[in-house]
Amino acid sequence: MEMAMRLPVTVAGALMPDGCAGYGLPIGGVLATTEDVVIPYAVGKDIGCRMSLTILDAEADYLEKYHDRAVEALINNTAFGLDGLLPFKSYHPLFDRTEFRDIPILKKLREKAFRQLGSSGKGNHFVDLCEVELPSNNRLSIPEGRYVGILSHSGSRGLGASIADYYTEIAKETCRLPRQAGPFAWLSLKSEAGQEYWKCMEIAGEYSAVKHECIHYNVAKAL
């Protein structure tokens, strides 16, 4: 974080209470740069990493009644680890987007990202079944009660990581920094590479959301 604060394009920065070591910036690090500048390695690798919750139309005692089946639904419809893939393929119209044809790095990564749909990668990512307690007058307009929920945590998997690495190398070619600060090389968003990176980031963020959709659909369907 101290290194990032010394960059000539840095305007301000902050480290959140949950800050810990990451790639480039710490996880929980926030960096504001001058206008039209982006640092791919500071943005990070796991683009759009998020939590997602689906509340099922089933009361909480469902998990006790059908515990073994619930565990089986999770095991058969989720996958973890660098090589973790589901035994079946999912589909989503995201992969019909023109960016996957027009941008070379996305074209190269399309098939791998397609295979990883519905999987969660490694680290602290998870898929679990939980109990969700909703009070009366909740913002979801669901009747008060205790329900079964599907809760997941993951991001953009290999797609986001490859995008970060690829554009960091391009940034290093045009932005010469001391060796220790090398990963913080930046791109101008007015440049062709900067515009391309921005489009890739949007795709990676949508891909993260789509992955959660597939996970929740597959598990809910099995349940």
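Is Glu206 buried, partly exposed or exposed?

Guide: The model shown here is predicted. In this model, Glu206 counts as partly exposed, because its relative accessibility is 34%, and the term "buried" is kept for values under 20%. The side chain of Glu206 meets that of Arg97 in a salt bridge, with a distance of 3.0 Å from N to O. Glu206 belongs to helix α8 (residues 192–222), while Arg97 is in the loop between α4 and α5, so this pair ties together parts that are 109 residues apart in sequence.

Arg97 has a further partner. Its side chain also meets that of Glu99 in a salt bridge of 3.0 Å, N to O. Arg97 counts as partly exposed because its relative accessibility is 27%. Glu99 has a relative accessible area of 15% and is therefore buried, since the limit for that term is under 20%.

Another pair may be set beside these. The side chains of Glu131 and Arg146 form a salt bridge of 2.8 Å, N to O. Glu131 lies in strand β5 (residues 126–134) and Arg146 in strand β6 (residues 145–154), so the pair ties together parts that are 15 residues apart in sequence. Glu131 is partly exposed, with a relative accessible area of 46%, and Arg146 is partly exposed as well, at 44% relative accessibility. As for Arg97, Glu99 and Glu206, salt bridges that share partners join these residues into one network. A search of the whole structure finds seven salt bridges, and the pairs described above are among them.

His92 counts as buried, because its relative accessibility is 18% and the limit is under 20%. A polar contact of 3.4 Å joins the side chain of His92 to that of Glu213. When residues up to four places away in sequence are not counted, His92 touches Leu117, Val210 and Glu213.

How values were computed
Residues are numbered from 1 along each chain as its sequence is written. This is a predicted model: local features need pLDDT of at least 70, side-chain atom pairs count only at pLDDT 80 or more; totals for chains, interfaces and linings use all residues. Side-chain values use heavy atoms; hydrogens and water are left out. Buried means under 20% relative accessible area, exposed over 50%, partly exposed in between (1.4 Å probe, protein chains only). A polar contact is a pair of N or O atoms within 3.5 Å; within protein, one must be able to donate a hydrogen and the other to accept it, and residues adjacent in sequence count only if both atoms are side-chain atoms. Contact means heavy atoms within 4.5 Å. A salt bridge is a side-chain nitrogen of Lys or Arg within 4 Å of a carboxyl oxygen of Asp or Glu. Helices (H or I, at least four residues) and strands (E, at least two) are DSSP runs, numbered from the N terminus.
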